[in-house]
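Hi,

Here is the structure I said I would pass on.

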Amino acid sequence: MKLTSRHLLILGAILLLSICFGVAFDAVATAIDKKNHPMPNSLSASVERYADEFGVPETVLWATVKEQSDFSSNLAGEDGAIGLMQISPELYELICREILAEDPLDAGILYDPETNLRIGAAYLSYLYQRYGVWDAVFAAYHARLEPTSLWETIPEEILSQSETQSYVKRMNKSVRIYSELYYE
């Protein structure tokens, strides 16, 4: 079969349309990901500061806030956890005393985004120092293991819970999305 200029023109048009469709699809998918994984300007400076202070990747802090509260600083969970990173008053007191070596204030301060991010970043840093693997950190965070009762390894009963496995998968996906959208 001999390619004529007409065939080449049609082939070129199909190729151009395919490329345009691919670019448009990528733009739409990126816009959807950014809508579902925002980086509110009001939190950017705090996330950057506490990521740096506690050695936690910014993407992990953003993903934690996304997965824990979907950026609602006024969220109070059924289990008593409060704020952006869903810290319970009991865990807050333990983190203050055991990790930060400071006296805790009234637990109502956990509604303050700045304080909640700081406490959550300190806790994530502590968990990472303890376990050294983000999947284990995410599982421990989800289980709300207290600093004074952390095991050397996370017990199988926590890791085998489908809810914990689902949370770890969501966290990894969110970290990946934040990395791809904002840090690459």
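To start you off: is glutamine 161 buried, partly exposed or exposed? Bear in mind that this is a predicted model. Glutamine 161 has a relative accessible area of 40%, and buried means under 20% while exposed means over 50%, so this residue counts as partly exposed. You'll find glutamine 161 in the loop between α7 (156-159) and α8 (162-183). From there to alanine 139 is 22 residues in sequence and 9.7 Å in space, C-alpha to C-alpha.

Now the overall picture. The protein chain has 8 helices and 0 strands, so if you read along the sequence you get α-α-α-α-α-α-α-α. Of the 184 residues in the chain, 38% are buried. Among contacts with a separation of 6 or more, 56% are between residues 24 or more positions apart. The accessible surface is about 10600 Å², and carbon and sulfur atoms account for 55% of that.

α3 with α8

Helix α3 covers residues 58-69, and its axis comes within 8 Å of the α8 axis, with a crossing of roughly 125°. The two helices are therefore oblique to each other, and the crossing is right-handed. On the α3 side, the contact is made by Glu58, Thr59, Val60, Trp62, Ala63, Thr64, Lys66, Glu67 and Gln68. On the α8 side, Tyr167, Arg170, Met171, Ser174, Val175, Tyr178, Ser179 and Tyr183 take part. Sorted by class, that contact has 8 nonpolar, 5 polar and 4 charged residues.

Tyrosine 178 deserves a click while you are here. This tyrosine sits in helix α8 and is buried, with a relative accessible area of 0%. Tyrosine 178 and alanine 63 are 115 residues apart in sequence, but their C-alpha atoms are 7.2 Å apart in space.

α6 with α8

Helix α6 (residues 134-143) also meets α8: their axes come within 9 Å and cross at roughly 125°. That makes α6 oblique to α8, again with a right-handed crossing. From α6, the residues involved are Asp135, Phe138, Ala139, Tyr141 and His142. They meet Glu163, Thr164, Tyr167, Val168, Met171, Asn172 and Val175 in α8.

Which residues of α6 are buried? They are Ala136, Val137, Phe138, Ala139, Ala140 and Tyr141. These buried residues pack against α3, α5, α7 and α8.

α4 with α5

Which classes of residue make up the contact of α4 with α5? First the geometry: helix α4 (residues 89-99) and helix α5 (residues 113-131) have axes that come within 10 Å and cross at roughly 65°. Their crossing is left-handed. Leu91, Tyr92, Ile95, Cys96 and Ile99 contribute from α4, and Ile119, Ala122, Tyr123 and Tyr126 from α5. By class, that comes to 9 nonpolar residues, with no polar and no charged ones.

Backbone points

Aspartate 70 has a phi near 50°, a positive value in a residue other than glycine. Phenylalanine 71 has a positive phi too, about 70°, and is not a glycine either. Aspartate 70 lies in the loop between α3 and α4, and phenylalanine 71 is found in that loop as well.

Are those two residues buried or partly exposed? Aspartate 70 counts as partly exposed, at 47% relative accessibility, whereas phenylalanine 71 is buried, with a relative accessible area of 17%. The cut-off for buried is under 20%, so the 17% of phenylalanine 71 falls on the buried side.

Arginine 144 belongs on this list too: just after α6, this residue takes a positive phi of about 55°.

That's what I have for now.

Cheers

Key:
Residues are numbered from 1 along each chain as its sequence is written. This is a predicted model: local features need pLDDT of at least 70, side-chain atom pairs count only at pLDDT 80 or more; totals for chains, interfaces and linings use all residues. Side-chain values use heavy atoms; hydrogens and water are left out. Helices (H or I, at least four residues) and strands (E, at least two) are DSSP runs, numbered from the N terminus. Buried means under 20% relative accessible area, exposed over 50%, partly exposed in between (1.4 Å probe, protein chains only). Axes are lines fitted to C-alpha atoms, for helices over the stretch in contact, and angles run from 0 to 180 degrees between N-to-C directions. Angles under 35 degrees count as roughly parallel, over 145 as roughly antiparallel, 65 to 115 as roughly perpendicular and the rest as oblique. A crossing is left-handed if the near helix is turned anticlockwise from the far one by less than a right angle, and right-handed if clockwise. Contact means heavy atoms within 4.5 Å. Ala, Val, Leu, Ile, Met, Phe, Trp, Tyr, Cys and Pro count as nonpolar, Asp, Glu, Lys and Arg as charged, and the others, Gly among them, as polar. Accessible areas come from the Shrake-Rupley method with a 1.4 Å probe; for residues, only the protein chains shown count as cover.
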